[in-house]
Amino acid sequence: MSDSTSVFHQGERSLHEKLDIAERQHQLGLRMIRDHMPEQHRDFFGHLESVHIGAVDTAGHPWAIMRTGPKGFMTSPNDKTLTIASKPLPGEPADLNLAVGAKTSVVGIEFETQRRNRLNATIDGADDGTLSMQVDQSYGNCPKYIQVRNRVAAGPSQPETPTTTAVLSEVDKYQIGKADTLLIASRAAQLGDDPRAGVDINHRGGNPGFVSILDEKTLQFPDYKGNSFYNTFGNILTDGRVGLQFVDFETGILLNIKGTAEVVEELNDGELPLMGRGLRIRIETIVRAPGALPLRYTFGSYSDRNPSISNNLI
């Protein structure tokens, strides 16, 4: 294995080497990570009504955002291209870099079936609310740790004006404390032409309460057994800036958090297939947007296929 043949950047490879799984992950990455979308991924995105996007703002800080639309708001004219026709939801930063040439990342999740697929990409078109992106890396993830939810047709409440603060309020703490899902956006130190080094967005899941609130500016959550790609952790080793998004699927509240992350070793929550480490997030900015999400989902029972819900693949 060499730098020129690996599908992982240096931050990811350094973790693989530390854990003595470098050759295994090299071979697995060559099989799983593509420079195009297979047909089933293209069809999958076309049937979704929502998508999670990672992007950086003009200062280079990553944010996790969500976009929605009727089925078909995402299309794939060819296996290298995904287009998203949507408008920003309340609470989305106004200074996100979604211009031509910007790096971005997408994860689509079908909660009813626990399917999810991901791609990291470069924007090659941004016109009248439609983003076109060219695939840098594309791969699927297993259904592990995705909470089953069912889409319901209940009418959404009127969105309220988002509020921005620097510390967690009691209502923020309540939402985070009962969350079984979060999205985390991260970035490599250099965002250039290398398809391995870009922006990433990833799903994390766990039993409600898997995210610990250490104080009004600090969160922590464990790392559970996944595919050991270490996309998020590898990025954080090179650049600690992250964005989190907590979604209340029943009320439509979006909670967007900007912060910095550090890897915590020997973390033990005593509950799920723990990998012995986690992430601690130091909060800088919190944007709370009540009623921002126009979709609603019922809280499903934990899946028989996933009896112990937990953190998604890292």
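1. A residue is called buried when its relative accessible area is under 20%, exposed when that area is over 50%, and partly exposed in between, with a 1.4 Å probe and protein chains only. By this criterion I286 is buried, because its relative accessible area is 0%. The model is predicted, so that local features need pLDDT of at least 70 and side-chain atom pairs count only at pLDDT 80 or more, while totals for chains, interfaces and linings use all residues. Residues are numbered from 1 along each chain as its sequence is written, and side-chain values use heavy atoms, with hydrogens and water left out.

2. I286 lies in strand β16, where strands (E, at least two residues) and helices (H or I, at least four) are DSSP runs numbered from the N terminus. Contact means heavy atoms within 4.5 Å; leaving aside neighbours within four places in sequence, the contacts of I286 include T163, V167, L168, D172, L255 and I257.

3. With the same exclusion of neighbours within four places in sequence, I257 is in contact with residues that include W63, L168, I176, L219, F246 and I286. In the largest nonpolar core, which has 26 residues, I257 is one of the three that touch the most other members, together with L219 and F246. Such a core is a set of buried Ala, Val, Leu, Ile, Met, Phe, Trp, Tyr and Cys residues joined through side-chain atoms within 4.5 Å. At least two residues of this core come from each of β10 (181-187), β13 (218-224), α5 (231-238), β14, β15 and β16 (274-289), and β16 gives the most, with 4 residues. A second, separate core holds 24 residues, among them F45, I53, A102 and M133.

4. The structure also holds 5 aromatic pairs, that is, rings of Phe, Tyr and Trp (its six-membered ring) with centres within 6.5 Å, counted as stacked when the planes are under 30 degrees apart, edge-to-face when over 60, and tilted for the rest. F111 and F249 are edge-to-face, because their ring centres are 5.1 Å apart and their planes stand at 65 degrees. Since F111 lies in the loop between β5 (103-110) and β6 (115-127) and F249 in the loop between β14 (241-247) and β15 (254-265), this pair ties together parts that are 138 residues apart in sequence.

5. F249 also forms an edge-to-face pair with Y297, at 5.8 Å centre to centre and 90 degrees between the planes. Y297 belongs to strand β17 (residues 296-299), 48 residues from F249. Ring pairs thus link F111, F249 and Y297 into a cluster; F111 counts as buried at 1% relative accessibility, F249 at 2% and Y297 at 6%.
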